Amino acid sequence: MLGLGAASGLVLASWLLSALNAEPATSSSPPGHRETPLPASPSPNDPSPPAPGRTNRPQPGTPDPPLPEIPGTGVLRQGDSGHGVYELQVRLRQIPGIYDDGAIDGRYGAEVKAALTRFQERYGVRGDESGVYGDHTRHALMLRTE
């Protein structure tokens, strides 16, 4: 589902979220030094703060909110270019017989489309147009590559 850069970005975001939600660590300030806590303020992306005693965390059983768009995670097709295509090419090269001598130049040409079609057919990927790198194909490729 995600390219290497996007995956590392998600790992970093997850780490930041867990670090922000963690219990405060004990202070290493010198004796007599008082730390002033930062005022609680809502996130600039949060239109309204939670009611007193409530958090912004989803309740059990509610669906997860959609993730923000990350560069390289949209649908890619012939004619596209950029970092997302570059990462797609790198992953395709990891599957023997799919894109063995293909260029890694960030351009989604006929050779990338043909390689992606071979991958989709070999692994029975359904749900994306043939030769198009959509969510189903991305997931299948990520399961088989690093």
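Arg107 is exposed, with a relative accessible area of 56%; here exposed means over 50% relative accessible area, buried under 20%, and partly exposed in between, with a 1.4 Å probe and protein chains only. The model is a predicted one, in which local features need pLDDT of at least 70 and side-chain atom pairs count only at pLDDT 80 or more, while totals for chains, interfaces and linings use all residues. Residues are numbered from 1 along each chain as its sequence is written, and side-chain values use heavy atoms, with hydrogens and water left out.

Arg107 takes part in a salt bridge with Asp105, their closest N and O atoms lying 3.2 Å apart. A salt bridge is a side-chain nitrogen of Lys or Arg within 4 Å of a carboxyl oxygen of Asp or Glu. Asp105 is partly exposed, at 36% relative accessible area.

By this rule the structure holds 2 salt bridges. Asp135 is joined to Arg138 in this way, with 3.5 Å between the closest N and O atoms. Asp135 and Arg138 stand 3 residues apart in helix α4 (residues 135-144), so about one helical turn separates them. Asp135 is partly exposed, with a relative accessible area of 47%, whereas Arg138 is buried, at 0%.

The protein as a whole has 4 helices and 0 strands, taken as DSSP runs numbered from the N terminus (helices H or I, at least four residues; strands E, at least two). Of its 146 residues, 24% count as buried. Among contacts (heavy atoms within 4.5 Å) with a separation of 6 or more, 49% come from residues 24 or more positions apart.
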